[in-house]
Amino acid sequence: MSQLALQMSSLGVEGEGIWLALGTIGMLLGMLYFMADGWDVQDPRQKEFYVITILIPGIAAASYLSMFFGFGLTEVTLETGRVVDVYWARYADWLFTTPLLLLDVGLLAGASQRDIGALVGIDAFMIVTGLTATLVKLPVARYAFWTISTVAMVFLLYYLVAVFGEAVNDADEDTQSTFNALRNIILVTWAIYPVAWLVGTEGLALTGLYGETLLFMVLDLVSKIGFGFILLRSRAIIGGGSEPTPSAQETAAD
């Protein structure tokens, strides 16, 4: 057992509770940092990004705290007789925080409300089908819903790259650079989630709940706190952002 695990155990926190406690602390610290960083922000556009980004770790902290105390946990007995511990609060977290992450990226890219709404809708479908895959008792149904959720995620990531990527082409270099960094965080971390489900206790059970909870905590911290730090410290936000490049007709009219 690691030194950290021993110290947490001495406080009465054991097993996956260690990672749930650290996840709670990490999200709270991230939220407080974003709040302090944006305390004196006056620009309306900057405020919008700060409010959205502060909400993300705030919601996640509440989710991790509920899982830590066992309120966000239930047991599902499969038809095979295997009992699966399901942290349903994790899905409740994602149902609220992932649309906010996409909203941040969409606003940064200058995407239309229609495109942002479409992507948020796909995201909600992905989360709900993923939760269904976790709660149903028939194994074949679990993998069927996991497949549907994963296909939705692939389509979502393609939409993010193709549609939002096209929208950000009219932005300045700082905005494009920030968008690319945030897009890559989403692409990498989100692609790992279905794989973690498949090899974890909810899928093939190749890993235990302890390791699975650690992996999800790391992914959550990177995709939320890391994401927020890059966004709010970028010159695209600190400098107040930029307007899209004027069209030829607008330039001629001037």
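A: Happy to; we can go from the overall chain to single residues.

A: This is a predicted model, where local features need pLDDT of at least 70, side-chain atom pairs count only at pLDDT 80 or more, and totals for chains, interfaces and linings use all residues. Residues are numbered from 1 along each chain as its sequence is written, and side-chain values use heavy atoms, with hydrogens and water left out.

Q: Great. What does the secondary structure of the chain come to?

A: There are 10 helices and two strands. Helices (H or I, at least four residues) and strands (E, at least two) are DSSP runs, numbered from the N terminus. Along the sequence the pattern reads α-α-α-β-β-α-α-α-α-α-α-α.

Q: And how many of the residues count as buried, as a percentage?

A: The chain has 254 residues, and 45% of them count as buried. Buried means under 20% relative accessible area, exposed over 50%, and partly exposed in between (1.4 Å probe, protein chains only).

Q: What about the accessible surface of the chain?

A: It comes to about 12,400 Å², and carbon and sulfur atoms account for 66% of that. Accessible areas come from the Shrake-Rupley method with a 1.4 Å probe; for residues, only the protein chains shown count as cover.

Q: Switching to charges: how many salt bridges are there?

A: The count comes to four salt bridges, taking a salt bridge as a side-chain nitrogen of Lys or Arg within 4 Å of a carboxyl oxygen of Asp or Glu. In general, side chains of opposite charge can pair when their charged atoms come close.

Q: Which residue does Asp 37 pair with?

A: Asp 37 forms a salt bridge with Arg 233, and their closest N and O atoms are 2.9 Å apart. Asp 37 lies in helix α2 (residues 17-37) and Arg 233 in the loop between α8 (209-232) and α9 (235-238), so this pair ties together parts that are 196 residues apart in sequence. Asp 37 is partly exposed at 24% relative accessibility, and Arg 233 is partly exposed too, at 39%.

Q: Got it. Where do Lys 224 and Asp 220 sit relative to each other?

A: They are four residues apart in helix α8, which puts about one helical turn between them. Lys 224 is buried at 2% relative accessibility, and Asp 220 is buried at 0%.

Q: And Arg 114, is that buried or exposed?

A: Arg 114 is exposed, with 67% relative accessibility. Its salt-bridge partner is Asp 115, with the closest N and O atoms 3.8 Å apart. Asp 115 is buried, at 14%.

Q: New topic: which residues make the nonpolar surface patch of about 550 Å²?

A: That patch is made by Ile 25, Leu 29, Leu 32, Met 35 and Trp 39. Patches are made of residues with over 30% relative accessible area and no salt bridge; like charges are joined within 9 Å, and nonpolar side chains (Val, Leu, Ile, Met, Phe, Trp, Tyr) within 5 Å. Ile 25 sits in helix α2 and is partly exposed at 45%.

Q: How about packing: at what angle do α4 and α6 meet?

A: Helix α4 (residues 88-109) and helix α6 (residues 139-167) pack at about 25°, with their axes 9 Å apart. Axes are lines fitted to C-alpha atoms, for helices over the stretch in contact, and angles run from 0 to 180 degrees between N-to-C directions. The two helices are therefore roughly parallel; angles under 35 degrees count as roughly parallel, over 145 as roughly antiparallel, 65 to 115 as roughly perpendicular and the rest as oblique.

Q: Which residues meet there?

A: From α4 there are Leu 102, Val 105, Gly 106 and Ala 109, and from α6 Leu 156, Leu 160, Phe 164 and Ala 167. Contact means heavy atoms within 4.5 Å.

Q: What does Thr 178 touch?

A: Leaving aside neighbours within four places in sequence, Thr 178 contacts Leu 108, Ile 230, Leu 231, Ser 234 and Ala 236. Thr 178 is in helix α7 (residues 173-199) and is buried at 7%.

Q: Last one: what is the phi of Ala 205?

A: Ala 205 has a positive phi of about 60°, although it is not a glycine. Most residues other than glycine have a negative phi. Ala 205 is in the loop between α7 and α8 and is partly exposed at 39%.
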